[in-house]
Amino acid sequence: MKINPIVNNSDMNEAHRSVIVKLLQQKELCTRAEIAKLTGLTQASITKIVSSLIDMGIVLEVGSVKGEGNRRAIGLRLNSEENRVIGIKFSRWLIETGVFDISGKNYSRDSFEFDMNEDPAKVLSKLKSNIHEMLEKHKNIVAVGMAVPGPYLRQEGHIAIVTRMSKWHDVDFVKEFKDEFSRPFFIEQDANSGAMAEWWFGNHEKPMESLAYMLVGEGVGSGIVENEKLILGKLGTASEVGHMSIDVNGKRCECGNYGCLEMYCSAPVMLQRAKQEMPEIFSKKHEGRTREHEMIFEAARQGNKKALALLKEMARYISYGCVNLINAYNPDIIVIGDLMAKAGNLILEDIKNFTEERAIPELYEKTKIMISELEVDPTLYGAAAIATDRILRKPSEYLTKK
Ligand SMILES: [Zn+2]
(Lines give C-alpha, C1' and ligand atoms only; values in the text may rest on other atoms or scores of the structure.)
Protein backbone atom coordinates (compact mmCIF):
# COMPACT_ATOMS: atom_id res chain seq x y z
CA MET A 1 0.00 0.00 0.00
CA LYS A 2 1.25 3.48 -0.88
CA ILE A 3 0.85 6.19 1.71
CA ASN A 4 0.97 9.82 0.67
CA PRO A 5 3.91 11.56 2.31
CA ILE A 6 3.06 14.29 4.76
CA VAL A 7 3.43 17.60 2.98
CA ASN A 8 6.49 19.46 4.16
CA ASN A 9 6.69 23.16 4.95
CA SER A 10 7.75 24.30 1.50
CA ASP A 11 4.85 22.37 -0.12
CA MET A 12 2.57 24.06 2.36
CA ASN A 13 3.93 27.53 1.58
CA GLU A 14 3.55 26.85 -2.12
CA ALA A 15 -0.05 25.74 -1.63
CA HIS A 16 -0.83 28.90 0.35
CA ARG A 17 0.88 31.10 -2.23
CA SER A 18 -1.21 29.46 -4.90
CA VAL A 19 -4.44 30.00 -2.92
CA ILE A 20 -3.69 33.71 -2.52
CA VAL A 21 -2.76 34.19 -6.17
CA LYS A 22 -5.93 32.40 -7.35
CA LEU A 23 -7.98 34.56 -5.01
CA LEU A 24 -6.45 37.72 -6.46
CA GLN A 25 -7.11 36.39 -9.94
CA GLN A 26 -10.80 36.22 -9.12
CA LYS A 27 -11.21 39.30 -6.91
CA GLU A 28 -8.91 41.65 -8.86
CA LEU A 29 -8.32 43.82 -5.78
CA CYS A 30 -8.02 42.65 -2.19
CA THR A 31 -6.58 43.75 1.14
CA ARG A 32 -4.55 41.51 3.43
CA ALA A 33 -7.44 41.47 5.92
CA GLU A 34 -9.88 40.31 3.21
CA ILE A 35 -7.48 37.55 2.20
CA ALA A 36 -7.34 36.41 5.82
CA LYS A 37 -11.12 36.37 6.02
CA LEU A 38 -11.57 34.47 2.75
CA THR A 39 -8.76 31.93 3.16
CA GLY A 40 -8.69 31.35 6.90
CA LEU A 41 -4.90 31.88 6.88
CA THR A 42 -3.41 33.86 9.76
CA GLN A 43 -2.48 37.53 9.28
CA ALA A 44 1.14 36.68 10.07
CA SER A 45 1.47 34.04 7.38
CA ILE A 46 -0.37 36.22 4.85
CA THR A 47 2.06 39.07 5.51
CA LYS A 48 4.96 36.70 4.91
CA ILE A 49 3.53 35.08 1.78
CA VAL A 50 2.39 38.36 0.23
CA SER A 51 5.82 39.89 0.68
CA SER A 52 7.39 36.90 -1.06
CA LEU A 53 4.87 37.27 -3.91
CA ILE A 54 5.73 40.95 -4.20
CA ASP A 55 9.43 40.01 -4.37
CA MET A 56 8.64 37.52 -7.13
CA GLY A 57 6.92 40.25 -9.12
CA ILE A 58 3.54 38.49 -9.08
CA VAL A 59 1.67 40.81 -6.73
CA LEU A 60 1.58 44.63 -6.55
CA GLU A 61 0.55 46.97 -3.77
CA VAL A 62 -1.84 49.62 -5.04
CA GLY A 63 -2.58 52.73 -2.95
CA SER A 64 -5.01 52.46 -0.12
CA VAL A 65 -8.53 51.13 -0.49
CA LYS A 66 -11.53 51.01 1.80
CA GLY A 67 -11.11 47.89 3.92
CA GLU A 68 -12.78 46.33 6.96
CA GLY A 69 -14.98 48.72 8.97
CA ASN A 70 -14.20 51.59 6.58
CA ARG A 71 -10.53 51.64 7.64
CA ARG A 72 -8.08 52.40 4.88
CA ALA A 73 -5.86 49.49 3.94
CA ILE A 74 -3.31 48.76 1.25
CA GLY A 75 -4.83 47.12 -1.82
CA LEU A 76 -3.20 44.14 -3.50
CA ARG A 77 -3.58 43.01 -7.07
CA LEU A 78 -1.90 40.67 -9.53
CA ASN A 79 0.93 42.14 -11.54
CA SER A 80 -0.79 40.85 -14.67
CA GLU A 81 0.82 43.04 -17.32
CA GLU A 82 4.25 41.79 -16.31
CA ASN A 83 3.23 38.12 -16.36
CA ARG A 84 1.92 37.12 -19.79
CA VAL A 85 1.37 33.75 -21.42
CA ILE A 86 1.05 32.55 -25.00
CA GLY A 87 -1.90 30.34 -25.91
CA ILE A 88 -1.90 28.13 -29.01
CA LYS A 89 -4.81 26.25 -30.51
CA PHE A 90 -3.69 23.51 -32.80
CA SER A 91 -6.53 22.12 -34.87
CA ARG A 92 -6.74 20.06 -38.03
CA TRP A 93 -6.13 22.82 -40.58
CA LEU A 94 -5.74 25.96 -38.53
CA ILE A 95 -3.27 27.11 -35.90
CA GLU A 96 -4.34 30.07 -33.78
CA THR A 97 -2.10 31.90 -31.33
CA GLY A 98 -2.68 34.64 -28.80
CA VAL A 99 -0.91 36.60 -26.08
CA PHE A 100 -2.79 36.86 -22.78
CA ASP A 101 -1.90 37.86 -19.25
CA ILE A 102 -2.45 35.83 -16.10
CA SER A 103 -5.73 37.59 -15.41
CA GLY A 104 -7.02 36.48 -18.82
CA LYS A 105 -6.73 39.73 -20.79
CA ASN A 106 -6.04 39.20 -24.47
CA TYR A 107 -3.39 41.41 -26.13
CA SER A 108 -3.05 39.98 -29.61
CA ARG A 109 -4.22 37.13 -31.81
CA ASP A 110 -3.00 35.55 -35.02
CA SER A 111 -3.59 32.42 -37.10
CA PHE A 112 -2.46 30.45 -40.13
CA GLU A 113 -4.05 27.65 -42.14
CA PHE A 114 -2.15 24.55 -43.18
CA ASP A 115 -2.80 21.44 -45.20
CA MET A 116 -3.19 18.17 -43.29
CA ASN A 117 -1.19 16.38 -45.97
CA GLU A 118 1.75 18.72 -45.58
CA ASP A 119 4.87 17.39 -43.86
CA PRO A 120 4.31 17.90 -40.09
CA ALA A 121 7.95 19.02 -39.70
CA LYS A 122 7.27 22.02 -41.96
CA VAL A 123 4.14 23.06 -40.05
CA LEU A 124 5.92 22.65 -36.70
CA SER A 125 8.87 24.73 -37.82
CA LYS A 126 6.57 27.55 -38.95
CA LEU A 127 4.75 27.43 -35.61
CA LYS A 128 8.02 27.49 -33.67
CA SER A 129 9.29 30.51 -35.54
CA ASN A 130 5.97 32.29 -34.90
CA ILE A 131 6.33 31.61 -31.17
CA HIS A 132 9.93 32.85 -31.19
CA GLU A 133 8.70 36.05 -32.81
CA MET A 134 6.04 36.54 -30.14
CA LEU A 135 8.62 36.00 -27.41
CA GLU A 136 10.80 38.65 -29.02
CA LYS A 137 7.94 41.11 -29.17
CA HIS A 138 6.45 40.50 -25.72
CA LYS A 139 9.23 40.47 -23.16
CA ASN A 140 7.09 39.36 -20.23
CA ILE A 141 5.98 35.92 -21.36
CA VAL A 142 6.33 33.51 -18.45
CA ALA A 143 4.86 30.35 -20.03
CA VAL A 144 3.34 28.87 -23.17
CA GLY A 145 0.26 26.64 -23.35
CA MET A 146 -0.86 24.64 -26.36
CA ALA A 147 -4.13 22.81 -26.97
CA VAL A 148 -4.13 19.82 -29.32
CA PRO A 149 -6.93 17.56 -30.58
CA GLY A 150 -7.75 14.54 -28.43
CA PRO A 151 -7.36 11.86 -27.33
CA TYR A 152 -3.99 13.27 -26.30
CA LEU A 153 -1.76 10.94 -24.29
CA ARG A 154 -0.10 13.37 -21.92
CA GLN A 155 2.59 11.00 -20.63
CA GLU A 156 3.71 9.99 -24.11
CA GLY A 157 3.25 13.43 -25.64
CA HIS A 158 1.38 12.30 -28.71
CA ILE A 159 -2.18 12.18 -29.95
CA ALA A 160 -3.61 8.65 -29.80
CA ILE A 161 -5.68 9.03 -32.91
CA VAL A 162 -6.65 12.19 -34.70
CA THR A 163 -9.24 11.30 -37.25
CA ARG A 164 -8.24 12.46 -40.75
CA MET A 165 -4.73 13.40 -39.62
CA SER A 166 -2.75 10.18 -39.73
CA LYS A 167 0.57 11.89 -40.59
CA TRP A 168 0.53 13.48 -37.16
CA HIS A 169 0.10 10.28 -35.21
CA ASP A 170 3.79 9.85 -34.41
CA VAL A 171 4.60 13.47 -33.67
CA ASP A 172 5.90 13.75 -30.11
CA PHE A 173 4.63 17.17 -29.08
CA VAL A 174 6.42 17.21 -25.73
CA LYS A 175 9.76 16.42 -27.38
CA GLU A 176 9.18 19.04 -30.07
CA PHE A 177 8.37 21.91 -27.72
CA LYS A 178 9.60 21.20 -24.20
CA ASP A 179 13.08 22.71 -24.51
CA GLU A 180 12.53 24.98 -27.48
CA PHE A 181 11.76 28.30 -25.80
CA SER A 182 13.46 28.55 -22.39
CA ARG A 183 9.96 28.96 -20.96
CA PRO A 184 7.75 26.28 -19.41
CA PHE A 185 5.59 24.75 -22.16
CA PHE A 186 2.34 22.96 -21.28
CA ILE A 187 0.24 20.83 -23.60
CA GLU A 188 -3.36 19.90 -23.02
CA GLN A 189 -6.18 18.34 -24.98
CA ASP A 190 -8.36 20.92 -26.77
CA ALA A 191 -11.66 20.21 -24.99
CA ASN A 192 -9.91 20.15 -21.61
CA SER A 193 -8.44 23.57 -22.40
CA GLY A 194 -11.88 24.89 -23.34
CA ALA A 195 -13.27 23.55 -20.06
CA MET A 196 -10.56 25.38 -18.08
CA ALA A 197 -11.26 28.64 -19.94
CA GLU A 198 -14.97 28.37 -19.20
CA TRP A 199 -14.25 27.51 -15.57
CA TRP A 200 -11.91 30.47 -15.00
CA PHE A 201 -13.16 33.09 -17.41
CA GLY A 202 -16.77 32.16 -18.29
CA ASN A 203 -19.29 34.29 -16.46
CA HIS A 204 -21.05 31.32 -14.82
CA GLU A 205 -23.16 31.28 -11.71
CA LYS A 206 -21.16 30.36 -8.62
CA PRO A 207 -20.82 28.20 -6.62
CA MET A 208 -20.30 25.60 -9.29
CA GLU A 209 -19.09 22.06 -8.61
CA SER A 210 -18.64 20.73 -12.09
CA LEU A 211 -18.52 22.15 -15.60
CA ALA A 212 -18.55 20.20 -18.87
CA TYR A 213 -17.27 21.83 -22.05
CA MET A 214 -18.41 20.15 -25.23
CA LEU A 215 -16.28 21.02 -28.22
CA VAL A 216 -18.10 20.61 -31.53
CA GLY A 217 -15.76 21.70 -34.27
CA GLU A 218 -13.37 19.78 -36.51
CA GLY A 219 -13.86 16.94 -34.06
CA VAL A 220 -16.17 16.38 -31.11
CA GLY A 221 -14.80 16.13 -27.59
CA SER A 222 -15.44 17.17 -24.04
CA GLY A 223 -13.55 18.29 -20.97
CA ILE A 224 -14.83 18.23 -17.40
CA VAL A 225 -13.60 20.48 -14.59
CA GLU A 226 -14.64 19.51 -11.10
CA ASN A 227 -13.73 21.85 -8.24
CA GLU A 228 -10.99 23.58 -10.26
CA LYS A 229 -9.45 20.32 -11.49
CA LEU A 230 -9.74 18.55 -14.82
CA ILE A 231 -11.01 15.00 -14.78
CA LEU A 232 -8.19 13.24 -16.62
CA GLY A 233 -8.35 9.50 -16.07
CA LYS A 234 -5.23 7.35 -16.23
CA LEU A 235 -3.76 8.67 -19.49
CA GLY A 236 -5.38 12.10 -19.54
CA THR A 237 -8.05 11.21 -22.10
CA ALA A 238 -11.15 10.93 -19.89
CA SER A 239 -14.56 12.04 -21.21
CA GLU A 240 -13.96 11.41 -24.92
CA VAL A 241 -17.60 11.99 -25.72
CA GLY A 242 -16.84 12.21 -29.44
CA HIS A 243 -15.98 8.52 -29.51
CA MET A 244 -19.00 7.35 -27.55
CA SER A 245 -21.01 5.10 -29.79
CA ILE A 246 -24.47 6.47 -30.53
CA ASP A 247 -25.20 3.76 -33.11
CA VAL A 248 -23.63 0.38 -32.35
CA ASN A 249 -24.46 -0.71 -35.89
CA GLY A 250 -23.10 2.47 -37.42
CA LYS A 251 -20.07 2.92 -39.64
CA ARG A 252 -16.63 2.03 -38.33
CA CYS A 253 -14.71 4.99 -36.88
CA GLU A 254 -10.93 5.37 -37.23
CA CYS A 255 -10.75 4.86 -33.46
CA GLY A 256 -11.99 1.27 -33.80
CA ASN A 257 -15.47 1.84 -32.40
CA TYR A 258 -18.67 1.94 -34.47
CA GLY A 259 -21.07 4.85 -34.91
CA CYS A 260 -19.10 7.38 -32.85
CA LEU A 261 -20.83 10.70 -32.13
CA GLU A 262 -18.08 12.61 -33.96
CA MET A 263 -19.11 10.94 -37.23
CA TYR A 264 -22.56 12.58 -37.09
CA CYS A 265 -22.22 16.15 -35.89
CA SER A 266 -18.76 17.61 -36.43
CA ALA A 267 -18.18 20.71 -38.56
CA PRO A 268 -16.71 18.73 -41.51
CA VAL A 269 -19.72 16.40 -41.51
CA MET A 270 -22.04 19.40 -41.64
CA LEU A 271 -19.98 21.01 -44.40
CA GLN A 272 -19.87 17.88 -46.52
CA ARG A 273 -23.63 17.37 -46.20
CA ALA A 274 -24.34 21.00 -47.03
CA LYS A 275 -22.17 20.88 -50.14
CA GLN A 276 -24.10 17.84 -51.38
CA GLU A 277 -27.57 18.99 -50.43
CA MET A 278 -27.43 22.74 -51.04
CA PRO A 279 -24.45 23.63 -53.24
CA GLU A 280 -26.26 26.82 -54.29
CA ILE A 281 -25.62 28.51 -50.91
CA PHE A 282 -21.83 28.53 -51.38
CA SER A 283 -20.19 31.30 -53.34
CA LYS A 284 -18.08 30.24 -56.30
CA LYS A 285 -14.82 31.81 -55.17
CA HIS A 286 -12.81 30.13 -52.44
CA GLU A 287 -13.04 32.09 -49.20
CA GLY A 288 -11.55 29.66 -46.67
CA ARG A 289 -13.05 27.02 -44.42
CA THR A 290 -14.32 29.30 -41.66
CA ARG A 291 -16.32 31.33 -44.16
CA GLU A 292 -17.97 28.19 -45.58
CA HIS A 293 -19.42 27.27 -42.19
CA GLU A 294 -20.77 30.78 -41.83
CA MET A 295 -22.51 30.48 -45.20
CA ILE A 296 -24.53 27.54 -43.87
CA PHE A 297 -25.55 29.49 -40.75
CA GLU A 298 -26.42 32.53 -42.87
CA ALA A 299 -28.60 30.44 -45.18
CA ALA A 300 -30.43 29.05 -42.14
CA ARG A 301 -30.92 32.53 -40.71
CA GLN A 302 -32.48 33.60 -44.00
CA GLY A 303 -34.94 30.73 -43.70
CA ASN A 304 -33.37 28.21 -46.12
CA LYS A 305 -35.34 25.05 -45.31
CA LYS A 306 -32.55 22.60 -46.18
CA ALA A 307 -30.06 24.49 -44.03
CA LEU A 308 -32.52 24.63 -41.13
CA ALA A 309 -33.21 20.90 -41.39
CA LEU A 310 -29.49 20.12 -41.45
CA LEU A 311 -28.86 22.23 -38.35
CA LYS A 312 -31.79 20.60 -36.57
CA GLU A 313 -30.20 17.23 -37.26
CA MET A 314 -26.82 18.48 -35.97
CA ALA A 315 -28.58 19.75 -32.84
CA ARG A 316 -30.17 16.34 -32.33
CA TYR A 317 -26.78 14.60 -32.40
CA ILE A 318 -25.18 17.22 -30.16
CA SER A 319 -28.00 16.57 -27.71
CA TYR A 320 -27.07 12.87 -27.59
CA GLY A 321 -23.65 14.02 -26.44
CA CYS A 322 -25.31 16.20 -23.80
CA VAL A 323 -27.43 13.28 -22.55
CA ASN A 324 -24.32 11.12 -22.22
CA LEU A 325 -22.44 13.90 -20.42
CA ILE A 326 -25.33 14.44 -18.02
CA ASN A 327 -25.68 10.74 -17.27
CA ALA A 328 -21.95 10.11 -16.95
CA TYR A 329 -20.80 13.24 -15.12
CA ASN A 330 -23.85 15.09 -13.76
CA PRO A 331 -22.33 18.56 -14.38
CA ASP A 332 -23.85 21.85 -13.16
CA ILE A 333 -23.49 23.20 -16.65
CA ILE A 334 -22.67 22.08 -20.19
CA VAL A 335 -21.08 24.76 -22.35
CA ILE A 336 -21.03 24.09 -26.08
CA GLY A 337 -18.23 25.72 -28.02
CA ASP A 338 -16.05 25.83 -31.17
CA LEU A 339 -17.14 26.09 -34.81
CA MET A 340 -20.64 24.66 -34.40
CA ALA A 341 -21.38 27.01 -31.52
CA LYS A 342 -21.31 29.87 -34.01
CA ALA A 343 -24.78 28.67 -35.04
CA GLY A 344 -25.87 29.99 -31.61
CA ASN A 345 -29.62 30.35 -31.26
CA LEU A 346 -30.20 28.39 -34.45
CA ILE A 347 -29.37 25.21 -32.54
CA LEU A 348 -29.57 25.94 -28.81
CA GLU A 349 -33.31 25.46 -28.25
CA ASP A 350 -33.32 22.23 -30.27
CA ILE A 351 -30.34 20.91 -28.33
CA LYS A 352 -32.16 21.59 -25.06
CA ASN A 353 -35.44 20.07 -26.26
CA PHE A 354 -33.84 16.92 -27.65
CA THR A 355 -31.76 16.53 -24.48
CA GLU A 356 -34.87 16.87 -22.34
CA GLU A 357 -36.55 14.07 -24.32
CA ARG A 358 -33.81 11.60 -23.36
CA ALA A 359 -32.06 12.67 -20.18
CA ILE A 360 -33.19 11.60 -16.70
CA PRO A 361 -35.68 14.37 -15.84
CA GLU A 362 -34.33 15.12 -12.35
CA LEU A 363 -30.83 15.48 -13.78
CA TYR A 364 -31.89 17.50 -16.83
CA GLU A 365 -33.73 20.03 -14.66
CA LYS A 366 -30.58 20.72 -12.68
CA THR A 367 -28.26 21.06 -15.69
CA LYS A 368 -27.81 24.33 -17.54
CA ILE A 369 -27.02 23.97 -21.24
CA MET A 370 -25.61 26.96 -23.06
CA ILE A 371 -23.46 28.14 -25.96
CA SER A 372 -20.11 29.62 -24.96
CA GLU A 373 -20.24 33.37 -24.49
CA LEU A 374 -16.48 33.92 -24.29
CA GLU A 375 -15.21 36.48 -26.76
CA VAL A 376 -12.12 34.44 -27.56
CA ASP A 377 -12.39 30.84 -28.78
CA PRO A 378 -12.51 28.75 -25.55
CA THR A 379 -9.78 26.36 -26.68
CA LEU A 380 -7.34 29.16 -27.49
CA TYR A 381 -8.28 31.02 -24.34
CA GLY A 382 -7.98 27.72 -22.48
CA ALA A 383 -4.48 27.02 -23.75
CA ALA A 384 -3.51 30.29 -22.05
CA ALA A 385 -5.63 29.36 -19.00
CA ILE A 386 -3.80 26.02 -18.73
CA ALA A 387 -0.41 27.73 -18.78
CA THR A 388 -1.64 30.24 -16.21
CA ASP A 389 -3.14 27.55 -13.98
CA ARG A 390 0.04 25.46 -13.98
CA ILE A 391 2.37 28.33 -13.13
CA LEU A 392 0.07 29.72 -10.46
CA ARG A 393 -0.06 26.34 -8.79
CA LYS A 394 3.72 26.55 -8.34
CA PRO A 395 4.49 30.27 -8.42
CA SER A 396 7.91 30.02 -6.81
CA GLU A 397 9.05 27.44 -9.37
CA TYR A 398 7.90 29.30 -12.46
CA LEU A 399 7.60 32.95 -11.55
CA THR A 400 10.65 33.74 -9.47
CA LYS A 401 12.27 36.84 -10.91
CA LYS A 402 15.22 35.94 -13.03
ZN1 LIG B 1 -14.47 6.85 -32.76
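Modeller: Phe-181 is buried, at 3% relative accessibility (buried means under 20% relative accessible area, exposed over 50%, partly exposed in between, with a 1.4 Å probe and protein chains only). Phe-177 is buried too, with a relative accessible area of 0%.

A word on the basis. This is a predicted model, where local features need pLDDT of at least 70, side-chain atom pairs count only at pLDDT 80 or more, and totals for chains, interfaces and linings use all residues. Residues are numbered from 1 along each chain as its sequence is written, and side-chain values use heavy atoms, leaving out hydrogens and water.

The structure holds 13 aromatic pairs. Rings of Phe, Tyr and Trp (its six-membered ring) pair if their centres lie within 6.5 Å; planes under 30 degrees apart count as stacked, over 60 as edge-to-face and the rest as tilted. Phe-177 and Phe-181 are stacked, because their ring centres are 6.4 Å apart and their planes are at 20°.

Phe-186 and Tyr-398 form an edge-to-face pair, because their centres lie 5.6 Å apart with the planes at 90°. Phe-186 is buried, at 9% relative accessible area. Tyr-398 is partly exposed, at 22%.

There is also an aromatic cluster. Its members are Phe-90, Phe-114, Trp-168 and Phe-173.

Next, charges over rings. The test is NZ of Lys or CZ of Arg within 6 Å of the ring centre and within 35 degrees of the ring normal. Lys-126 sits over the face of Phe-112, 4.3 Å from the ring centre. Lys-275 sits over the face of Phe-282, at 5.8 Å from the ring centre.
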